[in-house]
Each structure stands twice: as C-alpha cells, then as structure tokens.
Amino acid sequence: MDTMAAIKQTFFQECEEQLTEMEEGLLMIEREEGDLETINAVFRAVHSIKGGAGAFGLDDLVRFAHTFETTLDGMRSGKLEITPQVVKLMLRSADVLSDLVRISRDGGEMDATRVAQMTEELSKAGGMAPAPAVQPAPAADFSFEPVAAGGDGAGVDEFGFAPVQISFDTLISEDVAAGAHRFEISFTPRPELYSKANDALRLLRELGRLGDMEVACDVAALPPLDEIDPEGAYLTWKIDLSTDADEKSVREIFEFVEFDCDLSIDVNVIGMDEESASQTVEAILAQVAAEEAAQSEAVLPLAVEPVSAPIEPAAALEPAPKTPVAANQQSQPAAQSAQQPGATIRVDLDRVDRLIDLVGELVINQSMLAQRVTEAGIARLSDVAVGLDDLEHLTREIQDSVMAIRAQPVRPIFQRMSRVVREVADMTGKSVRLVTEGENCEVDKTVIERLADPLTHMIRNAIDHGLEKPEDRVKAGKPEQGVVKMVAAHRSGRVVIEVSDDGAGINRAKVREIAVNKGIIEADAPLTDAEIDDLIFAPGFSTAATISDVSGRGVGMDVVRRSIQALGGRITISSRPGNGTTFSLSLPLTLAVLDGMVVTVAGQTLVVPLSAIVETLQPKAADVHGLGEKARVIAIRGSFIPLVDVGSVLSYRDEEADPLQGVAVMVETENQSQCALMVDGIIGQQQVVIKSLETNYGHVFGVAAATILGDGRVAVILDVDAIVAGSRSDVARADANRKRSAA
Amino acid sequence: MAKTILTVDDSRTIREMLKAALTDAGMEVVQAEDGVHGLEVLETCDPDVIITDINMPRMDGFGFIEAVRGSDRHRAIPILVLTTESVDDKKDRARRAGASGWIIKPFDPVKLVTAINRVAA
C-alpha cells in the first residue's frame, strides 16, 4: 500500500511535468512554431497522464484525457486541420485537464458541466474530420472500463483458482462453464511464432496446468535432416485436455500466438467415455525432449525449437574482426546517454534545505573563526590565516553550489501565466497576446513559488485595468490585440521581472480622486506623477468599487507589494499615458544569504543590504541643511538628498544624532529615490546568513530579518525602504499637524 | 533463478508500477526511458523478458521491437507490449513488429506476472 502511495506521488509529479510539456507544445503550435513532433509530444503527455490515471482508477481523468487524446490524434494524423480555433480549444482543454489532475491530487469538486461541455466540444472537433470518424466518448467508456480492458487483453491462463477467473466466467455463456470439459486441440506453430520469441513448449506447459493433458507430437511434416531449415517450424501438437476451465481460458493461452499458428479447439462435455490417461504430461514432455535430444546430435542442433538456442552460439561464432565495430557501436550510445536530460536525480526538498541551513551555519562558523584569529593577533601571512582564507573561498563555493541546487528557471511560472492570460482574456472579452522573455532565468525555488500569486494578480490587473477594450484600442490607433509582456533578467545579483502592457497607462486623475476619497492623501497634496502611480500600492486603495470579477479576490496591489517585500524584493511601477504600464519586480536570487554592510547605530550593530547602498560618505557641515522643522537634507554633487537618522527612526534614541559625527550611507529605494541614512560608524562588509525574524519572532518595523555575526551576536538587517518611508511619514505627519494647528 | 525484466516506458509512473509488481513477484527489473535508451541498456544486459510501451519519444515501441528482433544477440527475448488500446490495430502492429504478446494498461499485477510466465518459462 505504501508503495502505491509513493507511486501515486510520482504520478502526480510526472503529471505536472507532462502538463507543462503539453502546454509548452500547444503554445508552440499556437505560435506556429510547432511541427509534427510537437504534436506527438503533446499527444504523448496526455496519453501518459491517461495511462497513469487508469492505474489509480481516476476515471474522470481517464475519460477526459481519452477524449482529448482522440482529438489530438486527429490533429496528429491530419484529419483535424490545425486552425487557431482548434489550438484555442486544445489550450482550454489543457486547462481542464490540469484542473482534473489537481483535483484528483488535492481533492475537491470539479465543475462537471465544464468538463462535459469541453468533452462535447472536443468530440465535435474530432468529429469534424471528414475521414473515418474518430470515435469519441463512447469508445473511451468501452476500452477503459477497467474490467472490460483487463478481461479483454491481459492474457490470463493457468489459474482455475485465481479470483480473476471469476470475472471471466461471467463473460461467457453459462452452459459451457457449467461442467468439466474435454478439449481436443490441434496446434501447429508457424515459423513466425518462434521469430517473435514465443515458444510452443511453454504454451503446452501452461495448458497442462489447466487439467489432465495428453499430448502427441505429429512429426509427419518433418523433412529429412539435411533439408531442415533451422528457423522453420514442422511440428503439429495434438492435445487432449480434461479440465474444469472453460474454452475462453484455453483460448487465452494461445492469445498471443493465434495469428502465428494453425489452431483448432474442439470442446466436448465429458460424459460417458472416461478414458484413463495412459501417459502423463511429464512423460510426454520427456518424450519430446528425448526426440529433440536425438535430433540435436546432428549438425543442425535445434530444429524443433528454432528460437531459443541457435542465436547465442551464432553470436559467439561471430568472426573476430567484427568485435571492434561492436565496441564502437557501444560507445556511441553511451555518449548519447551522457547528453540525455535523464542525468538528474530527485531529491527531497527538505534535504536540500537542511544542507542549506548547514552551509549557513558553516558560513557563520567560518567568519567567527576568522574573527578569533584576527583577535588573537595572528599574522595575516601565517599558515593559519592563509589556511583560513582558503577555507573562506571553499565555504563560498560550497554555498554557491548548494544555492544552485535550489535555483530553478522561471519558465514554469511564466507558463502558468499564459493560462491566466487566457482566462482573463475570455472573461473580459479582450484579445490578448502574452509575450515572454528570459524564461531560463534561474531563481531560488522558494522565490519562484511565492511569485505565483503576485504575478497572477499583476497579469490580471494588466489585462483588466491596463488594456483597453478592443474598440477603444482601434480608436486609439493601436492593434486590436493587446500585448502583455513578461520579461525576466539577471541584473547585478538580482533577478528583475517586468510585467508590462501596451494599454492606456494609469489614469492619474482617477487614481488621485480615489486616493482622496479614501483619505489616503489630502485633496491638495502636491504629488509627482510617480508618486500618484505609487498610490495604487497604498493599503486600502483597491476596494470593492474598483474590483471586478477578474482582478478581484480581495487582494490589492498593497498585498502584492507586501508579498514581494517579504521576499526581499522591490516592486516599482512606471506608466506612460496612452502607452501602457510597466511593473518591475526586483528580487534577490536567494533568500538564504545577503551581502551586507555592518554598521553601528546607538550602540547597536545593524546590517544594511549592500544591494541598496549607492555610496558612503562623511558629511561636511557646509553640505547639511535644515528643511522645515525637523527634516534635513544633504547636498551631494549639486542635488539635495534627505538625511534620515536610522537611530531615531528605529527609536534607538530620542534626539537625532549629529550628522557631522557619523557616516552617511546613501541608499536607493525601490522607487529609485535616494536617501542618506545616518549611522554612527561602519564596521565592515560581510556576507550574512539571513534568519527570518518573522518565523522566529514577529514583524518589527524597519527590520527585514536578522543574522548572526562572526562574534556570535545577533544583528538585525535593515529594511531600507521601510526606514525611508517611515521617516517620510514622520515628516508628512509633522507637516500635517503643523497645518492643522495653523488652521 | 530470478528472471530479469527490462521495462521500457517514458512514464516514470508506469515504470515504478511495473517495478513494484515485478519485484513483488521476485523478479529483477532493469529500466529504460525510451527505445533508444532501451537499446543502450541491452548492450549491457540480457533480460529474460522485455516489456515496452508504444508511445515514446526518440524511438517508439514499434521501432524498438524491430531493432531488438534485428539483433543477433537479443532477437530471442520475448517482448510484451504495454498498451492502453485494446483496439486490434495496435496489437496487430505490435505483432507485425515482432512482439510476443501484450499487456493492457491499467494492468493487474497478477495478470502481468501470468503474461510474463506465458512467454518465458
């Protein structure tokens, strides 16, 4: 039972792969890049799902897969012309099939009418074929009813006692099954029987298990020895069988060979003439064997049984010079197998994660050791220090390699989006084309998994809110079909995913109006275009009034932003009226480590992610200016940049520190605005292992995660964006308070 | 002596099921993912019976059977075809290609073993 459960798990894993392959193929066909092999691959994928599903009795899945497969077969054989409509139908069927697979795995109710409707459409499409009709659903019911299929095919023989036997009894007429029978069988194998590696003697032995048997070998057709063809067949067997088994069971023994022999089976119900068997089966077989032995003394050893024997000796007698050729042939497939994609192993994710954890510990340990060595005042060029350097390199390499295990291409998630696009396009009545680039870009598996929801939401938004209705597009001089583009690329140690549409762009007046109505901003707030665009990420911005069936589900862009931030990522938006909107996600390649700058603030040790840092500098008195009541800016190369004291934002201290006493760390936030973070000092730069604070403790404002430093102390990793935003809202609040008190 | 069975199927699920059923019956199992791979595996072993799927990438079951039947070393190995089709034309084609018999998917482990015993004593 356990084994079955494991196999079932394998089945569903494989289903996922096959569903991906199927969809990939169908999309290729849609882009008219597919060829016959593409259709074959799609067919095979569906066929495999059906095969596996049958084994687990997933009847709904089998039935639908069969109908789907039949229509695909029509496509494959050219009976069904491949038109855009047909491909669309296939893609929609693929979606239904995916859902059926998932419901079979996770449980739940499948919308039966949807399946029925799809089945009908598929059957109809298959039936459109002018040539010999592809039988649709009824054929499925017939050939895949497990009992019927089993009874029909898998050759059953020997057991009068096996439970399977009972099911056959019901399939044949009662009167024959009633009593003991005597069969008179005449069996003359033809050479083809032997060339297919079947064996007359084996069949006789099987037959003997059914009851009492007498066998006589008719050697009348046997030619003189020198005329015997070693691969010929000359014997006829006359068999007299008394058995309780019915005719069907007897015939089934010959099922595989019925076209390769002359066979006649006469059945008589045993009554009066109880012939005592004069010879046992064993005796007969012994006699046959003796005859064979007699013949084998001759030059041609195995005329009676041409199959099993002559081959091996023949191979052995192969002339010697041929051997090198054989060796070459052997090496070639070996080389091929090396290129095979099959050179992978499946590993439980938990094991990889455990390994990653351990490597994380190793990194920490190594840096602690390095620190101890430095503290001990050991010379940099001493053996210990040099050895430690090597260890550091190795540790890094191990870490990179382990991370690479978890890295996966974004392709599957991109493919999943093509389905979302189809569904939303259907629902909104818009015509949409999804263009993807950079599917091979690799990202940590966890990052990929957690991207699905945000991306789905963004795609829905892009189609529902971004793209105009077809008629409006035509009016605007754009092609009727809208384009949604997803691009993934690696950029400076991060992966950037852009989701863009060529729609109308963000309606800023409307966004502003909504934000004012919802009290997110003051009616007269002076906002730049970018800041207005950014409002759609504000909590509470999307509400029922703006949610349609499509982009709804109660998730706003604020949730999208939060989930991206939880991944250590950033999301930004840029929009050009009339030309569309682009969402840009910037994500870390891994969630396990981070390059950081270790700084001190008010006696605390903090880590600033290196990816956010632009530069560091020592502020001069002349460059620091006050702005309003509390805010300060620093002049850098002619532009003014807000100064933020990390210590006071995080409430480490009440009074702002003197900028001239500290260091300014210039950071860039997700929306590309710059800010200078005031810290007291810089300790150094280091790779740190990220330990989630949220899983172990809870969310803390301004803190992204924690880490363990080389000296064993825990340090928090700053959430730069939150700190910058926090300082702004401080300022904004102060401003608002001032205005209110003034009024 | 335990029989060695080569199973050729591109579906991991089916390979695992075959393996479970055959191992339970005390047989040794060698696996291949498609016809080409099957022929490679045959370079290194001489199974008692081959069980092969029909629909496979690179080289399908028909091509594989023909290749095995054309090989001096392996042509006497009984080959059972795994098929979901009980339709006769698939069986016919398999038979013409040189299959010794067939097994209909989904298969019952008992019938699977029976079919094997029928072609290999």
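Trainee: Let's start with Ile5(B): is Ile5(B) buried or exposed, and why?

Mentor: The idea is to count neighbours: a residue is called buried if 20 or more other C-beta atoms lie within 10 Å of its own. Ile5(B) has 25 C-beta neighbours inside 10 Å, so Ile5(B) counts as buried. Keep in mind that this is a predicted model.

Trainee: Which element holds Ile5(B)?

Mentor: Look at strand β1 of chain B, residues 4–8; Ile5(B) sits in that strand.

Trainee: And which residues is Ile5(B) in contact with, leaving aside neighbours within four places in sequence?

Mentor: Quite a list: Leu22(B), Met27(B), Glu28(B), Val29(B), Pro47(B), Asp48(B), Val49(B), Ile51(B) and Ile116(B). You can check a C-alpha separation too: Ile5(B) and Lys19(B) are 14 residues apart along the chain, and their C-alpha atoms are 9.1 Å apart.

Trainee: Zooming out, how many helices and strands does chain B have, and in what order do the elements run?

Mentor: Chain B has 5 helices and 5 strands. Starting at the N terminus, you read β-α-β-α-β-α-β-α-β-α. As for burial, 61% of the 121 residues of chain B count as buried. For contacts, take those in chain B between residues at least 6 apart in sequence: 58% of them join residues at least 24 apart.

Trainee: Now chain A. At what angle do α1(A) and α2(A) pack?

Mentor: For a helix pair, check the angle, then the handedness, then the residues that meet. Helix α1 (residues 2–30) of chain A packs against α2(A) at about 155°, with the axes 8 Å apart. Angles over 145 degrees count as roughly antiparallel, so α1(A) is roughly antiparallel to α2(A). The crossing of this pair is left-handed. Among the residues making the contact are Phe11(A), Met22(A) and Leu26(A) of α1(A), and Ile39(A), Val42(A) and Ile49(A) of α2(A). By class, the contact of α1(A) with α2(A) has 12 nonpolar, 5 polar and 2 charged residues.

Trainee: What about α2(A) and α3(A): how far apart are their axes?

Mentor: Their axes are 9 Å apart, and α2(A) (residues 36–55) packs on α3(A) (residues 59–76) at about 160°. That pair is therefore roughly antiparallel, and its crossing is left-handed. In this contact, residues including Phe43(A), Val46(A) and Lys50(A) of α2(A) meet residues of α3(A), including Leu61(A), Phe68(A) and Leu72(A). The class count for α2(A) with α3(A) is 12 nonpolar, 4 polar and 4 charged residues.

Key. Residues are numbered from 1 along each chain as its sequence is written. Chains are lettered from A and ligands numbered from 1 in the order in which they are written. This is a predicted model: local features need pLDDT of at least 70, side-chain atom pairs count only at pLDDT 80 or more; totals for chains, interfaces and linings use all residues. Axes are lines fitted to C-alpha atoms, for helices over the stretch in contact, and angles run from 0 to 180 degrees between N-to-C directions. Helices (H or I, at least four residues) and strands (E, at least two) are DSSP runs, numbered from the N terminus. Angles under 35 degrees count as roughly parallel, over 145 as roughly antiparallel, 65 to 115 as roughly perpendicular and the rest as oblique. A crossing is left-handed if the near helix is turned anticlockwise from the far one by less than a right angle, and right-handed if clockwise. Two residues are in contact if their C-beta atoms, placed from the backbone, lie within 7 Å. Ala, Val, Leu, Ile, Met, Phe, Trp, Tyr, Cys and Pro count as nonpolar, Asp, Glu, Lys and Arg as charged, and the others, Gly among them, as polar. A residue is buried if 20 or more other C-beta atoms lie within 10 Å of its own, exposed if 12 or fewer, and partly exposed in between; C-beta atoms are placed from the backbone.
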